[in-house]
Amino acid sequence: MIKAKNLTKKFKDVIAVDHINIDVPQGQIFGFLGPNGAGKTTTIRMLTGTLKPTDGEVEILGLNLKKHEIEIKRRIGVVPDEPRIYSHLKGFEYLEFVMDIYRINNKETLSKIEDLCNAFGVNYLEKMISDMSHGMKQKLILISVLMRKPEVVFLDEPTVGLDAKSAKILKELLKNYAKQGTTIFLTTHILEIAEYMCDVIAIINNGKIITQGTMEELKKQTGDENKTLEDLFLKLTAQEEDIKHIVESLSR
Amino acid sequence: MREFFILLKYGASNVYSQRLSSKKKKYNSFKNQLILSLLGSLPLGIVVFFFTKDLFTKLYSVDPQISKLMFLFWITILSLFFIVGYLGMAMYSLSRNEEIEFLLTLPIKRRTLTIYQIFVSTISQLFVLSFYFFIYLSYMIVSKENIIFGILKLFVHFLFLISFSSVIAVLLGGKTNKGIVRKINVLISLFAIFFYFLIISFQNVNMDQVQSLVKFFDFTTKPYNILAWSFISNKLFIFALLLSILFTLVFSILANKLAFEPVERKTSKNYKIKGYGTVMKAIYRKDLKATLRYEQFLYFVLYPIGFGIFFSFINKDYFVTLFTVIPITTFYVAFETAILTNAEFTNLQTILTYPVKFTTLMIPKIIIPTSINLLIVLSVFMFSAFKTNLSYLIVPITFLLFSMSSIIGMYFVAKNPPKTENMNRIFGIGQTFIIEGITMGLAFGSILPISFLINPQTSFKMRIISILIMIASIFISSVISVFTFKKLKKHLELSLEN
């Protein structure tokens, strides 16, 4: 469903993403982790056709992204890392806009919107987006994506700004969608979420995927089955020693 | 006081400098903006000074009382502008907004925050304040008033207006939002500009007409005209002084207790979500909403029309309306396109995920401002064509000019996209000058020669020159349009690579 081969992005002299390979089959929840600036968002942007790769190929839903960009975009859903949407529109106007852009206009979508609004506690669709908080906008974007039930969903830090109930609903909803065949590509800094949700986890650091596998496989790689994902993550990204040193120095 | 100056240095710079992405932004930008605003209002103020001095001198020689009536009339009108503009701004500043939300977390007294907001609101009315100053200065000179007493009167007048409006603003705080404030400010700016021309037009009024206006101006001398109390009589001046002290005291008590209530925007729950199923309709509807909901749009539309009608009224020449409206509108089309374009660039990460080509999203940004403004020009054209002989050639030329301006506006945003949706300063000063030079220069070059061509008294030589200037301007406009469009396409493609 999501395939990337030798995917590379250079910004002038900086290599943000360095020849990475990804293969996510249908119905899998793929967790893409990494420290800040590791290349997660750049990768998502290249996979969703919002950023041209310097090198490499992307295939989504069996279609080449370069050749079938618009068709792929119509069939996937993307929740960006920041909920930036047209501030001059009202909430419901934004949903109408998305419906039109994706050429969907059916009773099923409308009832889906209603269900999602009830689930996430969205009772402010009459408000101007400029008057909404980060969390309110995040929920609106989530609704605009989930109402279409896309075949592949990319989510970049989707729980940021969400209240506990909404975050839990989202997690469960995504797990259910995956069971029904939706492929999910997720980045998060909250490692508990990744551990709880993801079938496969990849860790990227300095633009390179340093490890990839199921939770069990990752634990085996480090040779300690009792370790949490947080321990593994910090060890693999070589931050464990840094943290000890920093905390000691700051506690003085 | 230290806190107040720190707020001015760091806080107010954000009020004035909206291009947060600009690397050139410095912390002292408030000072720079203040100097720029002063320099901007100074030339108009000086012109107003000479015109009103001339007028007051003439009236004073006839009857000093008529001169005073005229002075009180100006002061009353200006005070009204000031209060409306100031109240709008202060009511917003004293309610919970993004800046206040942050400032309340800092160890700063509420009183200091309130005074700071009041100061910024006062400075926002600098345009009106400079008019005040220069009109009063001219009147003081003509009426040979004692300078110290005169300055005291002006000071008390300001104190009265500010303290009175501040108390009202505190009591009504949280009732306006940014949009309403901007709309009020746009209207005040428009009124101030027309007021300026009104003052100039008074130069042509003869003394008989002034005498007949005395009756109309008489209300300004009455005690109920609180907007000019300091200048009507010494008794009312003292009354204004006492009330100012009282209002200041009330305000200072309220200031420290100010809750900075959040603004409640009234919205209707009555809506029904319905899709229309067409991509282009969705994009056009969205952009049209953005255009109409943007407060400055009112200014962009009303200003050229008002300006043109005013000029035609003064000159009794209907050509003038059209030849004034077209260059100004051409200039503003660039801004309107830039505003719409910027909304896409600010939200680029979300927008690029839509199954629509980026260029498809951009086309309405050229078509909507061009069409709306062309409709305005067509209406003015029809109106003018009834009154006088006009050439239909104006219409396609205007279309070309608007398209060019729109492409230029979009190009500048695509080249250096601002990272904020606040559009107060969408273009830098340099860019504004370039756009102004190109659009207004070519608009005059393309349109003005038509007035010579349709005038039967124009000599053959002048006709040839006019035709050449017009063809050259049209040619340059076309070349700029095509050239900028090509560069624009390159920048739009580049936005996908970064």
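Arg285(B) is joined to Asp100(A) by a salt bridge whose closest N and O atoms lie 2.8 Å apart; the criterion is a side-chain nitrogen of Lys or Arg within 4 Å of a carboxyl oxygen of Asp or Glu. The model is predicted, so that local features need pLDDT of at least 70 and side-chain atom pairs count only at pLDDT 80 or more, whereas totals for chains, interfaces and linings use all residues. Residues are numbered from 1 along each chain as its sequence is written, chains are lettered from A in the order in which they are written, and side-chain values use heavy atoms, without hydrogens and water.

Across the interface of chain B and chain A, 3 salt bridges are found. Contact (heavy atoms within 4.5 Å) links 39 residues of chain B with 41 residues of chain A. The two chains bury about 3800 Å² between them, 57% of it on carbon and sulfur atoms; this is the accessible area (1.4 Å probe) lost on being put together, summed over both parts. Ile273(B), Tyr354(B) and Pro355(B) supply 18% of the area that chain B buries against chain A, more than any other three residues.

Tyr354(B) is also one of the residues that touch the most other members of the largest nonpolar core, which has 115 residues. Such a core comprises buried Ala, Val, Leu, Ile, Met, Phe, Trp, Tyr and Cys residues joined through side-chain atoms within 4.5 Å, buried being under 20% relative accessible area (1.4 Å probe, protein chains only). Tyr94(A), likewise among those residues, touches Thr350(B) and Tyr354(B), among others, not counting residues up to four places away in sequence. Apart from this core lies another, of 54 residues, including Phe81(B) and Tyr132(B).

How values were computed:
Buried means under 20% relative accessible area, exposed over 50%, partly exposed in between (1.4 Å probe, protein chains only).
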